[in-house]
Amino acid sequence: MKVHSRSDLETLRADGLSTLYPSRLKISVGMATCGLATGAAAVYDALRDEAAARGLDLMLIATGCLGYCQQEPLVDVRMPGRDRVLYARMTADRARELIADLARGELPAEGALAVIPEEKEPPAGLEPAGGLPLLNELPFYARQRKIILRNCGLIDPTRVEEYVARGGYQALAHVLLDLTPQETIDEVLGSGLRGRGGAGFPTGRKWQICHDAPGQPKYVICNGDEGDPGAYMDRTVLESDPYSVIEGLTIAGYAIGARQGYIYVRDEYPLAVERVTQAVARAEELGLLGDSIFDSGFDFSITIVRGAGAFVCGEETALISSIEGGLGEPRPRPPFPATSGLWGKPTVINNVKTLATVPVIISEGADWYAAIGTENNAGTVVFSLVGKVANTGLVEVPLGLTLRDMIEGIGGGGLNGKAVKAVQTGGPSGGCLPARLFDLPISYETLTQAGSIMGSGGMVVMDEDTCMVDVARYFLGFTMAESCGKCTPCREGTRYMHEILTRIVEGKGTPEDLDLLEEVARWVKTASLCGLGQTAPNPVLSTLRYFRDEYEAHVVEKRCPAGVCRALIRLVIQPDLCTGCGLCKRECPAGAISGEKKKPHVIDPELCTRCRMCYDVCPVGAIEIVK
Amino acid sequence: MPLIAQPPPPAGGALLAKLHAINAEHGYLPEEELRHAADELNVPLSQLYSAATFYAAFSFKPRGRHTIHVCLGTACYIRGGEKLLEKLETTLGVKPGETTDDRAFTLETVHCLGSCSMSPVIRVNGDTYGRLKADRLPRILKKYRGQET
């Protein structure tokens, strides 16, 4: 079929509702990359095979990511007339038992995490028999508000019908049939939406500049080159809800007067590329892309470009030149892409999350959106809460929550109960903030003032076992490798800073090195051509600002307080604790451990590379890190 | 009229798509194929060479039958990704970028696979393994070796 009108959308919607809320047993398995990384495919196969063996009538769906990655693989069981129960940390064995229980009409209690409330026809009473909490009452979800991630993990991402059944494409129909491009821009302007890629430029203003700029044709680009290590929000949206991005990009195209859009996806995200390619093909088939969408006279098509592994391509001008001719090197701004972008034509380039937000703003209205969050920081942002934190996952919250709300409330505090020391936001462009600043409300401005940035949403938690000097060196190693080499301050400056930091972690640094480091950092920040170089010193400057004592311990006392830097630690086996199990001997990559079975082992300091593998595997905690 | 006619630029993204296609077919970029692609896209060979060397995804050297990517993104780094790398280096006897003598495995590092909540992770071919400890690596390697017999 082709969609020509709102009534055609109704047909899709009815179809979608029939699979979203079927009258028979339905099981959805979270099979985005995070689920797959922890065995969701084996769970899916076990469910399918066991159900077939038992002749159980079952609708089995691969859905996307619900965000609570710590609990993956997640399995959502919807039995008509019963509570919809979410099971956590599923294994293939337990999946087979689950099917056996379901075949008997029972919902097992083992592994049940929560009850998922349904928007449509909420089951009467919603009082879970087993005393299970509702999903939105779990500490991980209680403060979240899902706008960008509204469909993630709840729909089959390959079925546009389910996207439509949850309100999708109403916004596109509305702008094409009822609004002028200017009215569309006004709506986005009025919402206060700021670019979710990190810089926070008002989206409506960007669209207005491009709309008003002379020159034809115009282009819109979705930046899905999510390169920040520690961040995976865009991957999740592209994998779990690709149509939200396609609809947002189409609306952006209409608003600025473009007929061609591009979605640039990182090479490291093969599933995202697959999902979005499939979704574009389906949208074309239905006439939701192509000529005269909704018979409005507006034509729009989308080309998918797969990146090839270059961090700098997340920078908008580099991304544009990567689409043009293959090589992703940035160029000076101004002119900004909104006036001179792809092939020198006016181009809007927006982040995945920004575009996924747009349809909701159009459907619910600018005022509705502007009321969420705080003044000048409207709406929600998605963070990937990862690192040394108890609950890892994707978290969408209104702007204005504090870092403490995030890390201690939603994240449940440090991993294994250890004290959280710092949080790193904004990837290699951001900084490390110490625990004493955790009462800061999260906004573009507060984080920048504190010496970090909001960035695209990576939030990496660090505990007492993380060395902040080593972290700074890690980031400089990253930016040094990813610097494209076009401008000297970035190419040489990142290398030089990395050299100094290496000296310090090797115990060869001097107190003067700290001043030198700071001086070089300021040069690179001031003189680099693009965002990569301008922000590369941030991890150095922020750790120098908040964790100077750790630097000083390295250069003065030649000591690494966290026990990480290899040149400054020794590993010894405490003979009174060692049981001689031989595990460390087997796992030591350097072959540095010797000893007879059931007798205390010893580490040869000459051979030991201080990788700490023995420390990790020792079942009795007999390995001591001498700092 | 210009003295030297400029060929029209290839369509947006076409150059990268071509390199990906060659890389997917051969596992690397053979010279002959690149020459062919330059003619086809009507761009100088140097432009393809420049793109091929700029991006991490491409290689001029033949690769192993299985490629292992060890993630060294921030979350993986602070949760022990380097240890996985060291264990693989000693087990396979190769450094990142190298291929084992039997051509079974190529070892690579990657700056982030976007599976940060499952850190540390590695990816073998298209399969991602999360919440990984070094002692699980031998079983994973065995699985891919096993696929070949």
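Angles between axes are classed by size: under 35 degrees they count as roughly parallel, over 145 as roughly antiparallel, 65 to 115 as roughly perpendicular, and the rest as oblique. The structure described here is a predicted model, in which local features need pLDDT of at least 70 and side-chain atom pairs count only at pLDDT 80 or more, while totals for chains, interfaces and linings use all residues. Residues are numbered from 1 along each chain as its sequence is written, and chains are lettered from A and ligands numbered from 1 in the order in which they are written.

**Helix packing in chain A**

Helices (H or I, at least four residues) and strands (E, at least two) are DSSP runs, numbered from the N terminus. Axes are lines fitted to C-alpha atoms, for helices over the stretch in contact, and angles run from 0 to 180 degrees between N-to-C directions. Helix α20 (residues 511-527) of chain A and helix α23 (residues 548-557) of chain A pack at about 135°, with axes 8 Å apart. The helices α20(A) and α23(A) are therefore oblique to each other. Two residues are in contact if their C-beta atoms, placed from the backbone, lie within 7 Å. On α20(A), the contact is made by A:Pro511, A:Asp513 and A:Leu514, and on α23(A) by A:Tyr551, A:Val555 and A:Val556.

The axes of α20 and helix α22 (residues 538-546) of chain A come within 9 Å and cross at roughly 140°. That angle makes α20(A) oblique to α22(A). This contact involves A:Leu514, A:Leu517, A:Glu518 and A:Ala521 of α20(A), together with A:Val540, A:Leu541 and A:Leu544 of α22(A).

**The nonpolar core**

A nonpolar core is a set of buried Ala, Val, Leu, Ile, Met, Phe, Trp, Tyr and Cys residues joined through C-beta atoms within 7 Å. A residue is buried if 20 or more other C-beta atoms lie within 10 Å of its own, exposed if 12 or fewer, and partly exposed in between, with C-beta atoms placed from the backbone. The largest nonpolar core has 240 residues, of which A:Val245 and A:Ala252 touch the most other members. Helix α11 (residues 242-256) of chain A gives this core its largest share, nine residues. Beyond residues up to four places away in sequence, A:Ala252 touches A:Trp207, A:Val220, A:Val348, A:Asn350, A:Leu355 and A:Val358.

In helix α7 (residues 170-178) of chain A, A:Ala171, A:Leu172, A:Ala173, A:Val175 and A:Leu176 are buried. These buried residues pack against α1 (6-20), α8 (181-191), α11 and α14 (352-364) of chain A.

**The contact between the chains**

Chain A contributes 50 residues to the contact and chain B 44 residues. Among the elements of chain A that each supply at least two residues to the side touching chain B are α13 (316-325) and α18 (468-482).

**Backbone features**

Most residues other than glycine have a negative phi, and most peptide bonds are trans. The table lists exceptions.

| Residue(s) | Feature | Value |
|---|---|---|
| A:Arg333 and A:Pro334 | cis peptide bond | omega about -5° |
| B:Ser119 and B:Pro120 | cis peptide bond | omega about -5° |
| A:Phe294 | positive phi | about 55° |
| B:Asn42 | positive phi | about 60° |

A:Phe294 lies in the loop between α12 (270-285) and β8 of chain A, and counts as buried because 21 C-beta neighbours are inside 10 Å. B:Asn42 is in the loop between α2 (31-41) and α3 (45-54) of chain B, and counts as exposed because 10 C-beta neighbours are inside 10 Å.
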